[in-house]
Amino acid sequence: MGELQFDVAEPIGRYAAPNPNPNFEISELVLHSGPRISRFEEKAAFANLPSFDPYSTPTVGHDDAISKADVVDLTSKMKSDGTLDWTPPTGNWVIMRFGYSLLGITNHPASPEGTGPEVDKLNPDDVTQYMNTYLDNYKNAVGDLMGKRGLQYVINDSWEAGAQNWTDNMIAEFTKRRGYDPRPWLPVLTGRVIDRETLGDMLADYHYDLLTNILHDRGMGHYGESHEEGRAFIGDGMQVKRSNDVPMSATWTQRPGVNNDQPGYNADVRESASVAHIYGQNLVAAESMTASLGAWAWSPSTLKPTADKEMANGLNRFVIHTSVHQPLLDRKPGLSLGPFGQWFTRNETWAEEAKPWITYLARSSYLLQQGHFVADIVYFYGEDTNLTSLFLHHNPDIPDGYNFDYINADALVHVLTFKDGGLATPSGMRYRVIALDPHSQHISLPVLRKIRDLVQAGAIVCGAKPTDTPSLADDQNEFHRIADQLWGPGDGASVGKGRVYGKQSLGETLAALHVEPDFSYTRPQPDTILLLVHRKLADGDVYFVDNRNDRFENLSATFRVAGKAAELWHADTGNVQPSSYYTSDSRTTVPLYLAPWETVFVVFRSPASTVSRTLPTAVERSLGNIDGAWQVSFPPDLGAPPSVRFEKLTDWKDSTDEGIKYFSGTATYTKSIEVPASWLKPDTHVWLDLGSVKNLAEVSVNGKSLGVVWKQPYRVDATAALKPGANSLEVRVTNGWANRIIGDRQP
């Protein structure tokens with residue numbers, strides 16, 4: 001069964017009764033009587049729909065509104081041959097026809113033999129049959145190697161099927177979930193999607209939650225990516241991910257070397273992270289570092305800013321898009337998923353040098369899986385539209401130094417409580433303030449009741465007074481009575497043990513509560529930007545700090561921690577070092593010197609013996625440049641000469657030798673350097689700085705590998721390998737596939 005689309009045609013007939021017996025070739029009809037107004041006004045008249053900025057619902061006068069009692073369902077008057085047998089009462093009538101059809105959308109991208117109609121995701125029987133058939137095919141192939149002993153998880157990839165808005169049992173489901181028959185209100189849907197909340201509930205129950213249950217019955221888990229950013233999606237992202245074993249999102253690559261903020265992807269990752277935090281799933285995954293074009297052009301250095309931004313938004317498990325099985329080693333670079341994704345395979349030029357990059361991701365992810373996420377704010381984004389659509393082009397207005405989780409209506413009503421002086425979830429999360437997004441001014445009555453109960457118990461709410469409810473089933477008088485109780489004329493009020501701040505900003509509200517920022521830092525330049533994640537451990541605190549600029553930053557960072565000594569943990573090298581710090585007013589300040597795009601974990605775990613600690617500062621000076629010629633060798637059968645002498649270092653693409661100009665792979669540079677004994681003094685370190693590298697390099701001195709450098713600054717500590725006198729230096733440089741692909745396209 002394919003997905004169903006609800007179709008509404010223009011009014012197909014107008015009648016001035018009495019009429020002698022109109023018979024029309026039509027299918028299913030609904031009629032309404034009353035004043036004739038425009039099609040757009042008809043939509044507005046039938047319901048008080050939420051405002052989707054900037055397309056707010058226009059005001060309709062009382063005399064222009066169509067009464068519910070004047071809507072007549074004529075389905076029973078339609079004959080089996082499709083004609084209508086009905087004599088209208090006196091008055092002016094407009095006949096409207098409603099029907100549904102298959103969308104004809106197929107799953108994509110997919111191989112031809114795996115392509116077919118999308119399943120009806122609002123029909124639990126269809127979803128169950130589809131999923132069991134799919135999994136049984138795997139079981140037939142692998143036998144018992146499903147579940148804990150083999151295939152353990154299924155990823156439900158991003159929704160790319162368009163906006164399904166109907167199913168066979170829609171009327172009954174709507175009546176069950178919303179408490180009233182939707183048929184008298186169907187004319188409001190002329191040109192507009194049917195009530196979103198009902199579809200969202202059904203999608204969560206009958207598709208995403210059902211997939212989780214089916215997989216659990218087979219001993220398997222569910223990664224749920226759902227909708228990504230910018231997709232047409234009929235559900236609520238947090239609601240459909242609530243049962244996932246690993247809630248999942250997606251982030252495509254930023255432009256290399258540019259701090260290009262992507263609010264829609266920020267929202268998608270943080271949505272999944274919020275689900276994990278609120279419902280107690282520790283892992284947060286994402287389809288990561290997908291590229292729309294030029295998958296061959298990326299390297300660990302240019303991918304790192306995107307990966308770090310994902311972690312700053314809450315990610316702690318990377319699902320790299322795309323790693324395709326490569327059985328053939330003589331067909332490089334090999335096939336991938338069209339123009340999308342990374343060529344993250346063993347045929348990548350830098351595959352053998354990738355370990356430091358992957359180790360960095362693994363260490364960072366592991367540390368970000370420890371303890372509990374720390375956030376002062378739980379941010380309710382309302383019931384108007386999906387989170388990733390709401391924040392597609394801008395980020396929520398969160399004051400500097402504070403972190404937050406999103407929350408939807410489902411979790412606010414059923415999960416959030418007030419406990420031990422703060423907002424709480426069973427997973428262990430604690431928040432200080434509920435922030436209401438401006439789009440949450442349309443709040444359903446169950447949500448408003450829960451907000452009232454939380455405030456009476458002691459909760460703090462910051463946000464404007466809601467104006468109305470989006471549900472036709474809600475008691476309007478009760479809605480306005482509760483809103484007036486909590487907000488008064490709009491300023492907010494103290495109710496029970498809590499308070500509502502109606503006109504203060506979120507920053508002003510936190511200041512009034514004496515909630516200090518969790519993190520602050522000095523700004524050497526106006527555009528200095530650091531991002532932060534705070535994880536609370538049983539015996540300490542871990543802060544992930546991310547420099548979002550392509551330059552060195554020398555600054556001081558202050559953390560809402562006291563009584564513990566500061567340490568710096570470097571995920572790229574694995575090094576752990578003590579740090580200078582000082583503590584004042586229950587906050588600890590740590591000096592940080594960060595390389596371009598560098599991240600560091602600031603860890604507080606050991607009791608501090610003093611309120612401050614000052615460690616010696618390293619002094620760095622240049623010892624000179626390595627000038628002169630290099631011998632450069634290239635691997636066989638890749639078009640370049642076996643060996644060539646470079647009188648000076650130059651870019652391969654500037655070479656007159658086409659074998660070098662279009663070379664992709666690893667070339668080895670060697671030469672001998674003289675090291676004075678004066679360089680090798682006790683308590684000193686000698687660093688070899690390669691400057692700018694495209695794209696990775698492994699450095700060896702006297703036959704000892706000093707590791708692979710893959711990001712700025714491209715330098716290694718050569719102290720342990722150097723000796724006075726002559727030293728052999730080898731640098732194995734690896735670029736990407738761009739040169740070779742350009743060369744292959746020449747005439």
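A: A contact means heavy atoms within 4.5 Å. Take contacts in the protein chain between residues at least 6 apart in sequence: 75% join residues at least 24 apart. This is a predicted model, where local features need pLDDT of at least 70 and side-chain atom pairs count only at pLDDT 80 or more, while totals for chains, interfaces and linings use all residues. Residues are numbered from 1 along each chain as its sequence is written, and side-chain values use heavy atoms, with hydrogens and water left out.

The chain has 15 helices and 38 strands. These are DSSP runs, numbered from the N terminus: helices are H or I with at least four residues, strands are E with at least two. Of the 747 residues, 51% are buried. Buried means under 20% relative accessible area, exposed over 50%, and partly exposed in between (1.4 Å probe, protein chains only).

Start with helix H11, residues 445-457. Its 13 residues should span 18 Å at 1.5 Å a residue, and its end C-alpha atoms are 18 Å apart, so the two agree. The expected span is 1.5 Å times one less than the number of residues. Which residues of H11 are buried? They are Leu445, Val447, Leu448, Lys450, Ile451, Arg452, Leu454 and Val455. Just after H11 comes glycine 458, with a positive phi of about 135°.

H11 has a partner, helix H12, at residues 476-487. They pack at an angle of about 30°, and their axes lie 10 Å apart. Axes are lines fitted to C-alpha atoms, for helices over the stretch in contact, and angles run from 0 to 180 degrees between N-to-C directions. H11 and H12 are therefore roughly parallel to each other. The cut-offs are under 35 degrees for roughly parallel, over 145 for roughly antiparallel, 65 to 115 for roughly perpendicular, and oblique for the rest. The crossing of H11 and H12 is left-handed, which is the case if the near helix is turned anticlockwise from the far one by less than a right angle; clockwise is right-handed.

Now the side that H11 shows to H12. Among its residues there are Leu448, Ile451, Arg452 and Val455.

A second pair is H7 with helix H8, residues 355-368. Their axes come within 11 Å and cross at roughly 10°. H7 and H8 are therefore roughly parallel too. The contact on the H7 side is made by Pro300, Leu303, Lys304, Ala307, Asp308 and Met311. On the H8 side stand Trp357, Tyr360, Leu361, Ser364, Ser365 and Leu368.

Strands pair if DSSP finds at least two bridges between them. Strand E25, residues 564-569, is joined to E26 by three bridges. Within that pair, tryptophan 569 stands opposite valine 576 in E26.
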